[in-house]
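This briefing covers strand pairing and the nonpolar cores. Please look at the sequence and structure below before reading on.

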Amino acid sequence: MEKNLKGEILITGASGLLGKELVKIFLKNDFFVFAQYHNNKPEQKKNLEWVYADFSSLKGIRDFLEKNKNRFNQCEYLINNYGPIIYKDISDLKSEDFLSDFYHNVVTAFEITDFFVKNTNIKSVVNLGFDSIGKIKAYKKILTYACAKNSILLLIKSFAKQYVNICFNVVSPKTLEGASVELKKERKIFPEKVAIRIYNKIMGLSENVF
Ligand SMILES: NC(=O)c1ccc[n+]([C@@H]2O[C@H](COP(=O)([O-])OP(=O)(O)OC[C@H]3O[C@@H](n4cnc5c(N)ncnc54)[C@H](OP(=O)(O)O)[C@@H]3O)[C@@H](O)[C@H]2O)c1
């Protein structure tokens, strides 16, 4: 890593709506960014390395981590941004939808976080999850996703208790401006704003959740 850089970070889902804004802000602030993509590799820039992964199977996640072990070993920062949404009426839900959302959101975050705490110099981790686990509410369209995103909070709180020298945060944005799935008619938030919030969390510039 060049001397003038602040650190190295892995951002998952980096070719998506929020991911691209996260990549921008970390590059602007002198980080070296490992940015995970799947089908759409964006343009190459200085201090940026696009890293392919297919998270649709456990093998895909583990291959990604194993293959890039040496690449990631100096990483001090991680953003588990990958987390697709299933949007379905409760009456159409099947058990497979729970398995799928739990798998894509919780299992992926667990595998990557667990690997980072054991194999890298990780100092700070941000996850995209729900931060309202104490205020249980009913969901009509995103029940399986909400179950998974609530589990992320529990998972990350538990990691924070185990690995006390690492800073863990969960960020829970409203619907993003430009998102393909509109959850409800609520005010939306620009992905740039969420990216700034996450940057501040990673850098300890705003209060930590845990
Ligand atoms: N969208 C919203 O309104 C909203 C609101 C609150 C929270 N969130 C959370 O914010 C985070 C980012 O959401 P977003 O809307 O920015 O996501 P997005 O635009 O849908 O981006 C999806 C990302 O996941 C990658 N991806 C898709 N399938 C993959 C696979 N099989 N294996 C590996 N990578 C795969 C995509 O890569 P390619 O494009 O390269 O294929 C892309 O980088 C998520 O955790 C989401 O739950 C979103």
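Strand 4 (residues 77-80) and strand 5 (residues 124-128) pair in the parallel sense, with four bridges between them. Two strands count as paired if DSSP finds at least two bridges between them; helices (H or I, at least four residues) and strands (E, at least two) are DSSP runs, numbered from the N terminus. This is a predicted model, in which local features need pLDDT of at least 70 and side-chain atom pairs count only at pLDDT 80 or more, while totals for chains, interfaces and linings use all residues. Residues are numbered from 1 along each chain as its sequence is written.

**Around strand 4**
- Opposite Tyr77 stands Ser124 of strand 5.
- Strand 1 (residues 7-11) runs parallel to strand 4 and is joined to strand 4 by three bridges; Ile9 has Tyr77 as its bridge partner there.
- In a regular strand, side chains alternate between the two faces of the sheet.
- Strand 4 is covered on both faces, with Tyr77 and Ile79 buried on one side and Leu78 and Asn80 buried on the other.
- A residue is buried if 20 or more other C-beta atoms, placed from the backbone, lie within 10 Å of its own.

**Nonpolar cores**
- A nonpolar core is a set of buried Ala, Val, Leu, Ile, Met, Phe, Trp, Tyr and Cys residues joined through C-beta atoms within 7 Å.
- The largest one has 43 residues, and Ile9, Ile11, Leu22, Cys75, Leu78 and Ile198 have the most contacts inside it.
- Helix 5 (residues 143-162) supplies the largest share of this core, six residues.
- A second, separate core has five residues, among them Ala53, Phe55, Ile61 and Tyr82.

Key
Buried ≥ 20, exposed ≤ 12 C-beta atoms within 10 Å, placed from the backbone.
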